[in-house]
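Q: I have just opened a new structure and would like to learn how to read it. Could we walk through it together, one feature at a time?

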Amino acid sequence: GHLGAVMSLDWGNDSKRIQSGCAAEQLRFWELLAQQRGPWKPIERNASACAGVKWASWTLPVGWPVAGLDIPDARSLTALERSKDWKTLVALSSGRWIGLAGFPVAPVP
């Protein structure tokens, strides 16, 4: 799991994978496996296992899509959301800063 409070959570388009970020700046990936009985069971995966996943949303303040985001203090980032058309990112900070950027912020490597 995470070392800090979970601050962001995003579903994969397949509804079987989740990425999560915490206050300790950790990024985790999860795969939901259906059990024959009971709730879905989350299994932690490494980043390479989720490399090709298309994410239904992007709220994580870390990762290649937001690399290069020019904000006054990255640690004060309180919210981040990608538009549904995948073209714009809005970022909010506890210092009352609001910023808009193209998505992804940096060119895809």
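This is a predicted model: local features need pLDDT of at least 70, side-chain atom pairs count only at pLDDT 80 or more; totals for chains, interfaces and linings use all residues.

Q: Which strand holds Leu-92?

A: Leu-92 belongs to strand E6. Strands of a sheet pair through backbone hydrogen bonds, in either a parallel or an antiparallel way. Here E6 and E7 pair in the antiparallel sense, over five bridges.

Q: In what order do the strands of this sheet lie?

A: The order is E5-E6-E7, three strands in an open sheet with antiparallel pairing. Strand E5 (77-82) and E7 are at the edges with a single partner strand each, so one side of each has no neighbour in the sheet. On average, neighbouring strands of this sheet are turned by 20° against each other, direction ignored.

Q: Which residues make the nonpolar surface patch?

A: Val-90, Leu-92, Ile-98 and Leu-100 make this patch of about 370 Å². Strand E6 (88-93) and strand E7 (98-102) are the elements that give two or more residues to it. As a general idea, side chains in a regular strand alternate between the two faces of the sheet.

Q: How do strand E1 and strand E2 run, and how many bridges join them?

A: Strand E1 (residues 6-11) and strand E2 (residues 17-22) run antiparallel, joined by five bridges. In this pair, Trp-11 stands opposite Ile-18 in E2. E1 and E2 form a hairpin with five residues between them, and Ser-15 in the turn has a positive phi of about 60°.

Q: Where is Ser-48?

A: Look in the loop between strand E4 (41-45) and E5. Ser-48 counts as exposed because its relative accessibility is 58%, where exposed means over 50%. The C-alpha atoms of Ser-48 and Phe-29 are separated by 9.6 Å, while the two residues are 19 residues apart along the chain.

Q: Now for the whole protein: how many helices and strands are there?

A: There are zero helices and seven strands, and along the sequence the pattern reads β-β-β-β-β-β-β. Of the 109 residues, 30% are buried. The protein exposes about 7,100 Å², with 56% of that supplied by carbon and sulfur atoms. Among contacts with a separation of 6 or more, 33% come from residues 24 or more positions apart.

Note on methods
Residues are numbered from 1 along each chain as its sequence is written. Side-chain values use heavy atoms; hydrogens and water are left out. Patches are made of residues with over 30% relative accessible area and no salt bridge: like charges are joined within 9 Å, nonpolar side chains (Val, Leu, Ile, Met, Phe, Trp, Tyr) within 5 Å. Accessible areas come from the Shrake-Rupley method with a 1.4 Å probe; for residues, only the protein chains shown count as cover. A salt bridge is a side-chain nitrogen of Lys or Arg within 4 Å of a carboxyl oxygen of Asp or Glu. Helices (H or I, at least four residues) and strands (E, at least two) are DSSP runs, numbered from the N terminus. Two strands pair if DSSP finds at least two bridges between them. Axes are lines fitted to C-alpha atoms, for helices over the stretch in contact, and angles run from 0 to 180 degrees between N-to-C directions. Buried means under 20% relative accessible area, exposed over 50%, partly exposed in between (1.4 Å probe, protein chains only). Contact means heavy atoms within 4.5 Å.
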